[in-house]
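Please keep the sequence and the 3D view open while reading.

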Amino acid sequence: MSLSTIVPSYGVKNNTLTIILTLVTLIVSFVVLGYLVEIIKGGTEGSKILPDFDYVKQFVIGIKAMILEIIYFIIPLIIVIIVASASGLFTSFTKMVYASIDAIANNATTASMIMAAIPKSTINTFTNALTVTLIVAVILFIIFSLMSFTALVRFAKSGSGTEGLRFKEILKDMSKIGLLKIIVTLIVIYLIALVLSAVIGIIGLIPYIGVFIGIFVGLPFIMLFTFRAIGLLYADA
């Protein structure tokens, strides 16, 4: 999956090869995602054995998992766009742009002169709308991120994409485990993964072999650790 980034680092520059490796990376990424979904399933079942590779099966699972993740990204995005529009963020921003263009056309040469040409009411509307939109975006990001993890686990356990969209059941699973437990555990998981990533980054500085050790040993370990830990977290549900 990482060949498209490794090969150029050795000074190999070929557009055709880059395109081929990028396509290979995309295909293998779906296989890897499908494999990680099966890692989650193993975690929920308490299995200590890695699942076997079944490239076709895991490619299909990976595509389904990606679609599921996209849905959980699109929903909050649509809501945020609606909130931004309703609060006047887009309208006020457009007015600020036009006012700035007019100011520049009238020989405004500094940022302060341009800002002075924009009506304070427009600036206030933009600031308030931006604040509201950001607050809503952060809240939705947290909520849907937690829900997407649970959805991915339900998908892993059942193999059905529709299980990952049963919002009522997802909320039930989250309540069984405990929202605070989920948040704290995920924070710990990602902090550990961040530290391991930093170590891999340092190892990657070793000439020639560092990048191979990091990408072919370190990165897979982080991925296995992270997704198995998520599976174990949701085993209670």
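**Overview**

The protein's secondary structure comprises 9 helices and 0 strands, where helices (H or I, at least four residues) and strands (E, at least two) are DSSP runs numbered from the N terminus. This is a predicted model, in which local features need pLDDT of at least 70, side-chain atom pairs count only at pLDDT 80 or more, and totals for chains, interfaces and linings use all residues. Residues are numbered from 1 along each chain as its sequence is written, and side-chain values use heavy atoms, with hydrogens and water left out.

**Overall shape and packing**

- Read from the N terminus, the order of elements is α-α-α-α-α-α-α-α-α.
- The radius of gyration is 23 Å, while a compact globule of 237 residues would have one near 18 Å; the radius is taken over C-alpha atoms, and the globule rule is 2.2 Å times the number of residues to the power 0.38.
- Along the principal axes, the C-alpha atoms fill a box of roughly 70 × 50 × 30 Å.
- Of the 237 residues, 32% are buried (buried means under 20% relative accessible area, exposed over 50%, partly exposed in between, with a 1.4 Å probe and protein chains only).
- Among contacts with a separation of 6 or more, 74% join residues 24 or more positions apart; contact means heavy atoms within 4.5 Å.
- The accessible surface is about 14,300 Å², and carbon and sulfur atoms account for 74% of that area (Shrake-Rupley method with a 1.4 Å probe; for residues, only the protein chains shown count as cover).

**Second largest pocket**

- The second largest pocket holds about 280 Å³ of space.
- On a 1 Å grid over the protein atoms alone, a pocket is an open set of points with protein on both sides within 12 Å along at least five of seven lines, whereas a cavity is a set where a 1.4 Å probe fits but cannot get out; lining residues have an atom within 4 Å of a point.
- Grid points are joined across faces, edges and corners, and a volume is the space filled by probe spheres set on the points.
- The pocket lining consists of E69, Y72, F73, P76, L77, V80, A137, F141, F144, S145 and S148.
- Helices α3 (55-86) and α6 (120-158) each give at least two residues to this lining, and the largest share, 6 residues, comes from α3.
- By type, the lining has 8 nonpolar, 2 polar and 1 charged residues (Ala, Val, Leu, Ile, Met, Phe, Trp, Tyr, Cys and Pro count as nonpolar, Asp, Glu, Lys and Arg as charged, and the others, Gly among them, as polar).

**Largest cavity**

- The whole structure contains 1 cavity of 30 Å³ or more, and the largest cavity has a volume of about 40 Å³.
- Its lining is formed by S4, V7, P8, V12, N14, L17, T18 and L21, with α1 (3-9) and α2 (15-44) as the elements that give two or more residues.
- This cavity lining divides into 5 nonpolar, 3 polar and no charged residues.

**Individual residues**

- E38 belongs to helix α2 and is buried, at 15% relative accessible area.
- Leaving out residues up to four places away in sequence, E38 touches P51, D52, K57, Q58 and I61.
- R154 lies in helix α6 and is buried, with a relative accessible area of 14%.
- Beyond its neighbours within four places in sequence, R154 contacts G159, E163, R166, E169, I170 and D173.
- I79, in helix α3, is partly exposed at 33% relative accessible area.
- I79 and G46 are 33 residues apart along the chain, and their C-alpha atoms are separated by 37 Å.
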